Every structure is written in structure tokens, then in C-alpha cells.
Amino acid sequence: MTPEDILEDTINKFIGMGMFKREDMAVKDIRKEEYANIVFKPSIYENRKKVLNFLKSLDIVTVERFGEWKYLWSDQSLISGKMGAEKVVDGMQL
Ligand SMILES: Cc1cc2nc3c(=O)[nH]c(=O)nc-3n(C[C@H](O)[C@H](O)[C@H](O)COP(=O)(O)OP(=O)(O)OC[C@H]3O[C@@H](n4cnc5c(N)ncnc54)[C@H](O)[C@@H]3O)c2cc1C
């Protein structure tokens, strides 16, 4: 699958689950980042704080397991994504 196929497939699955309608979508994007995996070392707590504060200072909202650099379960990831989306929507003042 191409990245665009994955994006379209994901959107269609969410619509199929009744999570939102296509016309409710404000933005969509997919990209491959070179470094994404979480490496758990004793220094993660301090390093994670620095990264998250830096991203926050740029108004970048990061979510879920790879965005929070936390070992989240699926329900926690879903809530993290929902809260992040709400922050973005609030910031856009729709
Ligand atoms: C074997 C196993 C069993 C589990 N069992 C449970 C369970 O019973 N209950 C439960 O609640 N949770 C369970 N989990 C945890 C659950 O899978 C995660 O909590 C959940 O998938 C995290 O969702 P996420 O969207 O944050 O990350 P993910 O679902 O991991 O999504 C991250 C996405 O990023 C993509 N990606 C990776 N690298 C890159 C890159 N470099 N560039 C761009 N994209 C990239 C991946 O392809 C993936 O689609 C289990 C996990 C595993 C591995």
C-alpha cells in the first residue's frame, strides 16, 4: 500500500465505525518519520520532558504512544488522540 492508500483506508475505517463523517474532517496527513520508536532508558523521563516542552513551545500537539513517548494501552492512546484533536480544534477556533 502507498502512504496515501493507508491514509484513505484509515479514514474509511473510522467513518465505517461511525467515529466521524467525511465532511467533518478538517485536515488529513500521513508521513514517515525517520525516528519514531520509543527507546526506554533511565534517561527517558528527563529527555521526554525536554522534547515535549520544546514541541509545546512551537504549538505542536503530539499524541498517542509514539507522540507522548509513553507505554500507553490502546484505550489510553485513543483518549490521548481525542484530547489532542480537541486541543487542535480549540486552537483553530472553529
Ligand atoms: C502484542 C501486543 C499486545 C497488546 N495487547 C493489548 C491489549 O490487550 N490491550 C490494550 O489495551 N493494548 C494492547 N497492546 C497495546 C496497543 O497495541 C497499543 O496501546 C496501541 O496500539 C497504541 O496505539 P498508538 O496509536 O499510540 O500506536 P500504534 O498502534 O503503534 O500506531 C503507531 C503507528 O505509527 C506507525 N509508525 C511506526 N513507525 C513509523 C515511522 N517511522 N513513521 C511513520 N509512522 C510510523 C505504525 O505503522 C503504526 O501504524 C498490545 C500491544 C502489543 C504489541
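These legends walk you through several close-up views of one predicted model.

**How to read the views.** In this predicted model, local features need pLDDT of at least 70 and side-chain atom pairs count only at pLDDT 80 or more, while totals for chains, interfaces and linings use all residues. Residues are numbered from 1 along each chain as its sequence is written, and side-chain values use heavy atoms, with hydrogens and water left out.

**View 1. The residues around the ligand.** Here you can find Arg31, Lys32, Glu33, Ala36, Glu64, Arg65, Phe66, Leu72, Trp73, Ser74 and Ser77 around the ligand. A residue is near a molecule if one of its heavy atoms lies within 4 Å of it. Sorted by class, this shell has five charged, four nonpolar and two polar residues. For these classes, Asp, Glu, Lys and Arg count as charged; Ala, Val, Leu, Ile, Met, Phe, Trp, Tyr, Cys and Pro count as nonpolar; and the others, Gly among them, count as polar.

**View 2. Polar atoms at the ligand.** Which atoms of the ligand lie 2.6 Å from polar atoms of the protein? A nitrogen atom of the ligand is 2.6 Å from a polar backbone atom of glutamate 33. An oxygen atom of the ligand is 2.6 Å from a polar side-chain atom of serine 74. For serine 77, an N or O atom of the side chain is 2.9 Å from an oxygen atom of the ligand. The ligand has 990 Å² of accessible area on its own, and the protein covers 43% of that. Accessible areas come from the Shrake-Rupley method with a 1.4 Å probe, and for residues only the protein chains shown count as cover. The elements that give two or more residues to the shell are α3 (64-68) and α4 (74-92). Helix α3 gives the largest share, three residues. Helices (H or I, at least four residues) and strands (E, at least two) are DSSP runs, numbered from the N terminus.

**View 3. Salt bridges.** Side chains of opposite charge can pair when their charged atoms come close. A salt bridge is a side-chain nitrogen of Lys or Arg within 4 Å of a carboxyl oxygen of Asp or Glu. The whole structure holds seven salt bridges. One of them joins lysine 13 and aspartate 9, at 2.9 Å from N to O. These two residues are four apart in helix α1 (residues 3-16), so they are separated by about one helical turn. Aspartate 9 is partly exposed, with a relative accessible area of 31%. As a guide, buried means under 20% relative accessible area, exposed over 50%, and partly exposed in between (1.4 Å probe, protein chains only). Aspartate 29 and arginine 31 also form a salt bridge, with their closest N and O atoms 2.4 Å apart. Of this pair, aspartate 29 is partly exposed at 48%, whereas arginine 31 counts as exposed at 59%. Elsewhere, salt bridges link Glu8, Arg22 and Lys28 in a network.

**View 4. Glutamate 68 and its partners.** How far apart are N and O in the salt bridge between glutamate 68 and lysine 70? The distance is 3.6 Å. Lysine 70 counts as partly exposed, at 36% relative accessibility. The side chain of glutamate 68 also makes a polar contact with the side chain of serine 80, at 2.6 Å. A polar contact is a pair of N or O atoms within 3.5 Å; within protein, one must be able to donate a hydrogen and the other to accept it, and residues adjacent in sequence count only if both atoms are side-chain atoms. Serine 80 lies in helix α4 and is buried, with a relative accessible area of 8%.

**View 5. Aromatic rings.** A pair of aromatic rings is described by the distance of the centres and the angle of the planes. Three aromatic pairs are found in the whole structure. In the pair of phenylalanine 14 and phenylalanine 20, the centres are 6.0 Å apart and the planes are at 40 degrees, so the pair is tilted. Rings of Phe, Tyr and Trp (its six-membered ring) pair if their centres lie within 6.5 Å; planes under 30 degrees apart count as stacked, over 60 as edge-to-face and the rest as tilted. Phenylalanine 14 is partly exposed at 30%, and phenylalanine 20 is partly exposed at 27%. Ring pairs also link Phe40, Tyr71 and Trp73 into a cluster.
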